[in-house]
Amino acid sequence: MQNYPYNPPQQAYPQPPRYIPPAMTNEEYQTLRYQKGLRRAANGLGILMICFFALELLIALVSQFILYAHGLANDVLELDVLQMLESGMISSVVFFVTGLIYCCFRKLRFSSLFPFQKTGAKMLYRLCAVGIAFSLMSNYVVDLLNNNLGLFGIENNGGIFETGDNPNILMYFLTVAIIPAFVEEFAFRGVIMGVLRPYSEGVAIFVSSAAFALMHGNFVQLPFTFCCGLVFAYIDIKANSMLPSIIVHFLNNGLSVLSDILTSYKVISETTSNLIYGAIFVVTGVLAFLAIRGIIKEKESGWFSLKGGDDIIPFKRKMKTVCTSPFIISFAAVMLIYCVVVMVSGL
């Protein structure tokens, strides 16, 4: 596999010191300065993610107030359309607009945060095959857990987007399949991963995946969205392009939307839909296996390794610096509390 150059934001690297305290060597001072820069970047991302959640909650509350104020809460058809509009607006405003403002405020280079390096058709197929197979497998596990939580007296509806019996096809596809594929990748595999990538690709993958999982606000989905986030981030880094994760994200959501639409309009039965979905899963699983086999057989250079960024401090210390940053801890705590509230209340 071709190794593409990556040009990180210039401000990610600490500048040469103008003054070194007498008690420190130049190496010690560089290490301290580098660690402070990494913590500052992590805290900035923590604030951004808290803003994501706060705005998401605020928009949802305001939209619900408007629905009740205009007497639309009991109108099933209008409510269906308005809920989908709300979902699209939340995704666009929360992830895209807020992320864009953050990038402009930090004066980050868009070419570094959002790479779209040209990827060959063969490699793009391999990356997408692995990504979609893993996503479909995660969906199966999540559905299985959700369907069996009732045995323990738990109703888990958090993070599940519901529509009426006959959803507006265009609106449903737009708000669930198309918009999230772009704006969520923009926020998590673009902004969050892009800011941390110059320090360490491993740190960037882990943090962006954890944020992606926590933002779903659902304990059942959390481990599987985290794993999907790892796969999405990894294939993007290997291609040095956001295109693979955008395609996989769109296909994953799009298949679920298509299945819901066909069953809602009685085009096919739910049993037939499950059989078709299972067949697609088997086919993509075989394609993913062949893709991985081809990668191993051809010994693609760098496929199973990640760049550590500067070696000023080791990987473990970088992870500790990020994960112990006050605003990263605050974001994780808020989202875990929210997950508990959703699980207990059945919101």
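Which residues form one aromatic cluster? They are F52, F95, F188, F212 and F232. Some notes on that and on the rest of the chain follow.

1. First, a word on confidence. This is a predicted model, with a chain average pLDDT of 80 and 78% of the residues scoring at least 70. Helix 6 (residues 201–214) has the highest confidence, with a mean of 94, while helix 2 (residues 76–106) has the lowest, with a mean of 73. Two stretches to watch: pLDDT is below 50 over residues 1–17, a stretch that still has 45 contacts in the model beyond near neighbours in sequence. Residues 75–79 are also below 50, and there the model has four contacts beyond near neighbours.

2. On to the rings. The count of aromatic pairs comes to 12. Take F96 and F186: the ring centres are 4.9 Å apart and the planes sit at 50°, so this pair is tilted. F96 belongs to helix 2 and F186 to helix 5 (residues 169–196), so the pair ties together parts that are 90 residues apart in sequence. Keep in mind that helix 2 is where confidence is lowest in the chain.

3. How exposed are the two partners, F96 and F186? F96 has a relative accessible area of 36%, which lies between the 20% and 50% cut-offs, so F96 is partly exposed. F186 has 10% relative accessibility and therefore counts as buried.

4. F186 has another ring partner, F114. Here the centres are 4.7 Å apart and the planes at 10°; that angle is under 30 degrees, so the pair is stacked. F114 lies in the loop between helix 3 (110–113) and helix 4 (121–148), and F186 in helix 5, so this pair ties together parts that are 72 residues apart in sequence. Both F114 and F186 are buried.

5. Back to the cluster, which has F212 and F232 among its members. R189 lies over the face of F212, at 4.3 Å from the ring centre. So what does H249 touch, leaving aside residues up to four places away in sequence? The list is P180, A181, E184, E185, R189, F212 and F232. That puts R189 and F212, the charge and the ring it lies over, among the contacts of H249.

6. Last, H249 itself. This histidine is found in helix 8 (residues 243–264). Is H249 buried or exposed? Its relative accessibility is 4%, so H249 counts as buried.

Terms used:
Residues are numbered from 1 along each chain as its sequence is written. This is a predicted model: local features need pLDDT of at least 70, side-chain atom pairs count only at pLDDT 80 or more; totals for chains, interfaces and linings use all residues. Side-chain values use heavy atoms; hydrogens and water are left out. pLDDT is the predictor's confidence in each residue, from 0 to 100. Helices (H or I, at least four residues) and strands (E, at least two) are DSSP runs, numbered from the N terminus. Contact means heavy atoms within 4.5 Å. Buried means under 20% relative accessible area, exposed over 50%, partly exposed in between (1.4 Å probe, protein chains only). Rings of Phe, Tyr and Trp (its six-membered ring) pair if their centres lie within 6.5 Å; planes under 30 degrees apart count as stacked, over 60 as edge-to-face and the rest as tilted. A charge sits over a ring if NZ of Lys or CZ of Arg is within 6 Å of the ring centre and within 35 degrees of the ring normal.
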